[in-house]
Each structure stands twice: as C-alpha cells, then as structure tokens.
Amino acid sequence: MMTPLQRVQTVLNGGMPDRLPVLPQSFMFAAADNGMPIGTINRDAAKMARCLMDCREKYGYDGCILDVDDASLAEACGAKVIYRDNDVAVVDEAHPLLEELSDIDNLKLPDPYSSARLPVWLETTERMLSEVGKDVFIMGRADQGPFDLLCLLRGPQEFMMDLIDEEPEVIAHAMEWATEAHVRFARAMLKLGAHATSMGDSYASPNLISAKFYRQFAKPYEQMVVDAVRDLPGAYSIHICGDTTLIFDDMKDLRPDIMELDWKADMGVARKVLPDSVTLMGNIDPSDPLVLGTPEKVRAQVKEMVEKTRGRKLIISSGCAMGANTKPENMRALVESAALYATAEQLEALQAGE
C-alpha cells in the first residue's frame with residue numbers, strides 16, 4: 001500500500017496509484033473542526049499547521065493544503081487588510097492601495113521572508129514538512145496569481161475599467177510587477193521543500209472577463225510564472241474559479257503540473273482538451289453536496305467525475321475552498337469514495353474501455 005505522498009506523486013508522474021489520491025481544499029473546515037475559526041489562527045503558524053495536520057489525520061486524506069485567505073500577498077505589497085475573528089481576512093476594497101495603475105512603481109516588491117504574513121505561511125509549511133512531510137503531500141500555496149493580485153491592489157472594479165480605458169503598456173508593466181511579486185513567493189515555497197505550490201487567479205475567470213481579455217491580460221503572466229518555477233523541484237498548480245471550460249483551449253498552453261478546476265467546469269472536457277502531462281484536481285461542489293448534500297450525493301459526484309475522466313491523472317478534491325460548515329460525514333464520504341470507485345483495478349478497467 002502506498003503512502004499518501006507516494007500516491008500523489010505517482011499520479012503527478014503519470015503512474016498508476018493503488019487508488020486515486022484525495023486532496024481537499026479544507027483549511028476553513030480544518031480550523032472549524034479543531035474548534036479554532038480561521039480568523040483566530042491566520043497569524044499563528046503553529047496553530048495553522050496543527051489544524052491542517054490534525055484534520056488530515058482524522059479524515060484520512062492524502063495531503064495538507066496551506067491556505068488561510070486571499071489577502072496575504074496583497075497585504076505584503078502594502079494593501080490594507082480587514083481581519084475578522086470568525087471568517088477569513090479580506091483586502092479593504094473600499095480603500096485600494098493603487099489610485100492609478102501607474103503608481104505601481106511606488107510600491108516595494110514583497111520579501112517572502114519578512115513582509116507581513118508571508119513568513120507565517122512559510123513557517124506553517126515548514127512545520128508540516130518537518131512533522132509529516134516524509135509521508136504526506138504538502139502544498140504550500142503562494143496565494144494570489146498576477147491578475148488576482150493586481151485586482152486586489154487596484155480594486156477589482158477599478159482594474160476592470162482599466163482593462164478598457166488604460167494604455168496597454170501601463171497594464172502590462174503593472175502585470176509584470178504583480179507577476180514578480182507572486183514568483184518570489186512561489187519560489188520561496190518550493191525552495192523550502194514544499195511538494196507543490198500554486199496560484200489562485202479567480203478574477204481571470206470567464207465568469208468575470210472575456211476569453212479575449214484572458215488571453216491578453218492574464219494568460220501571458222500565468223505562463224511567466226509557470227516558466228519561472230520550472231527549474232525548482234516540486235509541482236506548480238493553477239486554480240481559476242468559475243466555469244473555465246470556455247478557456248480550456250487557452251489554458252492547455254500553460255502546462256502547469258496541476259490544474260485545479262472549479263465545480264462549474266466540465267472535467268470530462270478538461271481531460272480531453274488539457275495535455276496528458278497536466279494532472280487535474282477537483283472538482284466536487286463545495287456547496288452542494290459538501291455542505292448541503294448527503295454522503296450518497298458526494299459519492300455519486302465522485303463516481304461520475306472518475307468515470308468522465310477515466311481517472312487519468314486525477315486528484316479528487318473539492319472544486320474550491322470547503323466551507324467551515326461542511327458536514328463531517330460528507331468529508332468522510334469524499335475520502336472514502338476513492339477506495340469505492342478509484343482503485344487501481346477499477347482505473348485499469350475504465351482506461352481499458354477508452
């Protein structure tokens with residue numbers, strides 16, 4: 001029987017695992033399950049690491065994903081952040097850091113080892129690697145991708161208007177700055193020894209911008225990030241919220257190690273369009289069934305996803321961050337589904353029938 005780490009790495013390397021790995025985005029659930037709401041631990045590496053490791057051990061999934069909010073990298077760039085005891089920290093969008101995109105050069109690029117809470121993310125990852133990293137997969141996220149980060153620094157509405165009104169070279173320069181900010185954090189995570197790191201670039205979703213704007217203003221900089229971390233050991237992952245099916249033809253060029261897909265995306269289409277080198281991760285609906293549904297519905301969604309993709313290079317996960325109010329029995333069903341529907345024998349049979 002494989003260890004959790006071996007199971008994930010076998011899938012990443014294109015091999016056949018003993019069963020598909022399960023890697024839920026569970027940070028809010030993990031904190032709540034430990035009796036410590038995320039807002040009370042998001043500046044404490046020891047508590048964050050403990051919550052993530054305890055939850056993984058309790059429910060038996062294959063790895064820990066470090067994430068606490070979407071505001072940490074923006075805060076390290078100078079953005080004002082609102083802390084809430086019972087919820088994630090958020091950037092104060094009413095008072096954006098940048099009054100104009102051209103002000104970007106007035107900012108100081110963040111240092112992952114000293115700026116705001118970035119050292120806390122690194123310490124949390126280091127603690128998990130030290131304690132369980134020999135057997136458990138550890139993804140230390142690098143927070144927001146370039147497009148998301150610039151939205152947070154400029155203000156989402158203001159930046160969307162900039163895409164229409166601002167000079168292209170001004171946008172490009174600001175995006176290059178945001179790309180460098182993310183790359184520095186991502187490289188720090190991988191140099192630390194994290195088995196993977198990632199970006200979230202949710203504002204680049206087709207639910208918010210056109211495919212044309214994605215190709216012009218988001219994709220080139222996501223590609224820069226992927227290229228900038230290829231020389232380091234460890235996997236790199238991209239997550240874009242919403243129904244990204246519309247931009248799969250663009251995303252296939254990026255070739256990260258992992259593509260995390262939201263619950264709205266079609267995993268069957270993704271497996272046909274995205275390169276075989278890319279591992280898919282997702283995409284069980286975090287709302288229904290994980291919060292609102294039943295274990296039977298969770299298992300049915302996992303079974304359907306495995307059948308659609310034939311289980312090829314697939315990591316079973318939630319389609320986005322799981323809510324703190326996720327039902328424990330549904331988390332158990334998510335984990336148990338891999339042994340029910342995605343063993344090596346079952347995957348071989350599915351793939352033989354392609």
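Two strands count as paired if DSSP finds at least two bridges between them, and strands (E, at least two residues) and helices (H or I, at least four) are DSSP runs numbered from the N terminus. This is a predicted model, so local features need pLDDT of at least 70 and side-chain atom pairs count only at pLDDT 80 or more, while totals for chains, interfaces and linings use all residues. Residues are numbered from 1 along each chain as its sequence is written, and side-chain values use heavy atoms, with hydrogens and water left out.

**View 1. The β2–β3 hairpin.** Strands β2 (residues 81-84) and β3 (residues 87-91) run antiparallel, paired over 3 bridges. Look for R84, whose bridge partner in β3 is D87.

**View 2. Helix α5 against helix α8.** Helix α5 (residues 118-132) packs on α8 (residues 168-192) at about 25°, axes 10 Å apart. That makes the pair roughly parallel (angles under 35 degrees). The axes here are lines fitted to C-alpha atoms over the stretch in contact, with angles from 0 to 180 degrees between N-to-C directions.

**View 3. Side chains where α5 meets α8.** From α5 come L118, W121, L122, T125, E126 and L129; from α8, F185, A188, M189 and L192 (contact: heavy atoms within 4.5 Å). The tally is 8 nonpolar, 1 polar and 1 charged (Ala, Val, Leu, Ile, Met, Phe, Trp, Tyr, Cys and Pro are nonpolar; Asp, Glu, Lys and Arg charged; the others, Gly among them, polar).

**View 4. The end of α8.** After α8 comes G193, with a positive phi near 115°.

Key
Angles under 35 degrees count as roughly parallel, over 145 as roughly antiparallel, 65 to 115 as roughly perpendicular and the rest as oblique.
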